[in-house]
Structure formats: C-alpha cells, structure tokens
Amino acid sequence: MPARESHFILPAEVLQESFSYLTRQELLNAIPVCRSFATSGRLFLYQSIDLRSDDPHVDCTISLLRSHRKITVRILHATLTTRPPVGARPWINPDFFVHSVNLKSLELRGFPYPLQNDQDIFNRTLRVGCPKLESFTYRPGVVTFPESGFGLAGLKCVSWQSELATIELRTTPMMTASIESLTHISFTGRIVHRTGKPYDDFLMLRFPNLLSLALGSLIHTNSEERTNIAITEFILAHPLIEHLSLGREKPTYMFFQLRPNLLQPDSLPCLKSFEGFPENVTVMASRKVRSLFKITSLSLRSCTQSTFEDVTAMFEAVKTADNTPMKFEFVKHLRFEFDVPLSHRMRSHVTPIGHRSLMDEFSEICPIVSTWYGRLLPMYAEEFKEMFEMYENLETISLPKPSLFIRMGTSPMEYFLPLSRRCCKLKRVIARKPPYTELEDCVFMLTRDARDELESVTIETAWDGSTFGIQNPT
C-alpha cells in the first residue's frame, strides 16, 4: 500500500468513535474524504433527522433511510413537519420508525396522518418499535392531533408548542399514560383556561416525579381567582419542581399569578430556576419563600416602561424580605428583556436612563451574574460600558443584532474595549439573529493578554440557539 494512502486505514471502531464527537456540518465535510469515511460517517449523519413534507427530495431521503437499517437504528432525534396540501395518502409511512429502537425524542409539526388507520399504525409503531422514546413535542399544524387513543407510556418530557391560543389540549391522554415517568412538562404559547376544558383537566393530574414545569402564557380565563388558585395548588402539589415558568408574555392584562395565602416559607423546596413576571417574584418574596433566594437562574418578561413600577416593587419586596436585606446570591444566569422596538421606527437617542438604573438595581441584588440575556436599545461604546459595568463577574452577554451593530461602527475592538476594562471576566458577546430568519448568530470572542488587557476580538458564527452553551429560553 503506498504511503500516501496509509492514513486512511483505520479500524471502523476508531472512525466511529471519532465521528461521534463531530457536528453535522463537520460530518458533511468529512464524509466525502474517502469510502471508509463515508461508510462510517453516514451512520452518524442521520442521528438527527428533520423531514418536511414540502421538501422536493423528501421521498429520496425516506427511501434511503428505510433501505439502510444500520442507519435507521441509529436515529436518536427526529422532527417531522407536515405542510399543506395534505392528501389521503400520507407523505411518510406510518411505520417509518419500526426499526428506530434508539429513538429518544420526536417532534411533530402538524400531524402527518389524517386517517384513523394510519394513526393507529403510527401509534403502535412508536409504542413497540421505539422503546427508548422519552421526549415528545407537538406543534399544532394542518392536521389535528388525535383526540384519543394516542397514549404513549414511559415518556419523560412532553411539550406542547402553539403560537395560537390553546383550548383543546390533545396531549392529556399521553401525559396520563406517562404520569409516573414524566419529569418535564412544557406549554409554549397562549393558554385559555376554562372550566371543564382539557387544560382544566390537566391541572387535576399529579406527576410524582415532575422536575420542570412551564405553564404557558394565560390569555383568557372564566375566573382569574379560580385559575390562580388552581395553578398554585397544582404547583405546590409537586414539591420536586426545580424549574418553574409562569409565562413568557402578557397578551392581555391577565397572567398566571401565585396565590399569596397558599404560599409558605417552605414552598417549592427544590426550586433552582424561575421564569415569569416581576409580580410573581414580589409575591414569593413577600411570602418569604426561602427557595426563591437560592435559585441560580432568573428570567423576567414584559419589562415595558409601564411595568417599571412592578419591577421597582419587586426590588423592594426582595430587599425587605424577612426584615433583612436579601439578594439573589446564587443567580448566575439572568434574563431581563426590555420591551423596546428594534426597527426603522425606533427612536434615535441613546438608551433611556430608566433602563440603566434598573440594570444597576439588578446588579445589586444579583451580584454574581455570569451570563446576561436580554434586549436593549442600540448603544454606543460608552453607553454599552455604563449599562454592564456593575456586573463584575460577567462572562457572556447576549443581545439582538440591532442592539449592537447599529452603533458599533467598523471596529469591534474599540467598541468592546471600555467594558472589557471594567468586566475583566468578559469572554464573549453574542449578537442574536432576528427571529424567524435563516441568518446566523454572530459571536464576538474576546481574547486577553498576560496582563488581562483586551488583545483581540474575533468573530465566529453559530447556527443553533445554544450558541456556545448559552441557551435561548423558549
């Protein structure tokens, strides 16, 4: 064998171990190198699949996967997106996952099977052929999710993600079937709570191992008092909860709120992460809920000019809790979004003083924040420094692209230099892509010299929401 080809002769086990650490893009670059790379690499290329009914090549992809069982058994994550038009014949066979014994998570965007017989086959295939399936996500689409008969047992995570108001919750049978195993339940989008409707039935269930709960954003209810009593009782019935979300937006004046008279200092003993509104924190602080002051992640929403008073009230409640000055001494991850317009209509002046004062207040009650995720008006370098200079432990900042690019100029080095001198641990600044676009996140990596002075700023890109380990909360 010529010396120039000897570096290709590697055992398949070694190649597969090496490929298991590569991203999908890196695999795509490696597979064309040679036949042995292609043989081993393809086994990992389809560990995560995303199939769409409107993809002109989807039939070829499905045929490839069905004809290579070695690839099919390695599928770990699958997303199926059903787009109109939808005919009587399904675009993907209902028994497609019959050999996917290692499938762990499945996301359906729209339901691909309008006929009852195909629904039964699909349901049976998942129950029998996918014993490791533990995560199910559904986004309502062109075909309605089956109302009954779709009870998957053994799931750990169920997520309902809808951009429209949710009244008919079709995943309740699934959650009931997995009531003993579920640890994560998530509703994303707007929720309508009415007496006798599925969401009301859901709040009557009890999940003994529930660790993470996202209730969605309330848009309408027959009775705010009844709703808030119901959600408070539901939450308190699950003492193992570590992450709690009471909403991500206020579509109306309504929102989920905990009932103060039901809270005790020892409520939610395992709480580590909270997402909601300033009013929620005010109630928990005023009721002296001890676990609130031990959380490591805090995310607050709907911070408009009109809600500044609510934020100020939250600060007062936190500082006076238990008659002693309190702080979120363990919060490392802080998300705080001002509701500011980032378009051609936004005002041209610098960030308002009110935003800066609230940022200073947060730095006082959250003294060890290392990652900050939010939304601010565009800033020049000096305003950028003044906005974040109080966060001494800051390592990562994440902002929308317009917040940075509009006033940055041509030199990122000059832009980040003032803040880097005040925040000596700052490593990266993420410029998030606009939502609903195919653009890339832009990541500015800050490198320092031996004297801890800013030496260079390099620009990298990332395609997914994780962006160097910083999750984009959804």
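**Close-up views of a predicted model**

Of the 474 residues in the protein chain of this predicted model, 48% are buried.

**View 1. The protein chain as a whole has 15 helices and 18 strands.** Take contacts between residues at least 6 apart in sequence: 73% of them join residues at least 24 apart.

**View 2. The largest nonpolar core brings together 128 residues.** Helix 11, spanning residues 308–319, gives the most to the core, with six residues.

**View 3. Here is F97 with the residues it touches.** Leaving aside residues up to four places away in sequence, F97 touches I49, A78, L80, L103, L106, F122, T125, L126, G129 and C130.

**View 4. Helix 13 (residues 381–388) meets helix 15 (residues 412–422).** Two packed helices are described by the angle between their axes and the distance between the axes. For this pair, the axes come within 8 Å and cross at roughly 25°. That angle is under 35 degrees, so helix 13 and helix 15 are roughly parallel to each other. The crossing of helix 13 past helix 15 is right-handed.

**View 5. Now for the residues that make the contact between helix 13 and helix 15.** Helix 13 brings A381, F384, K385 and F388, while helix 15 brings E414, Y415, F416, P418, L419 and R422. Sorted by class, the contact has seven nonpolar and three charged residues, with no polar ones.

Key:
Residues numbered from 1 in each chain as written. Predicted model: local features only at pLDDT ≥ 70, side-chain atom pairs only at ≥ 80, totals over all residues. Heavy atoms only, no water. Core = buried A, V, L, I, M, F, W, Y, C linked by side-chain atoms within 4.5 Å. Buried < 20%, exposed > 50% of the residue type's maximum accessible area, 1.4 Å probe, protein only. Helix = DSSP H or I, 4+ residues; strand = E, 2+ residues; numbered from the N terminus. Contact = heavy atoms within 4.5 Å. Axes fitted to C-alpha atoms, helices over the stretch in contact; angles between N-to-C directions. Parallel < 35°, antiparallel > 145°, perpendicular 65-115°, else oblique. Left-handed = near helix turned anticlockwise from the far one by under 90°. Nonpolar A, V, L, I, M, F, W, Y, C, P; charged D, E, K, R; others polar.
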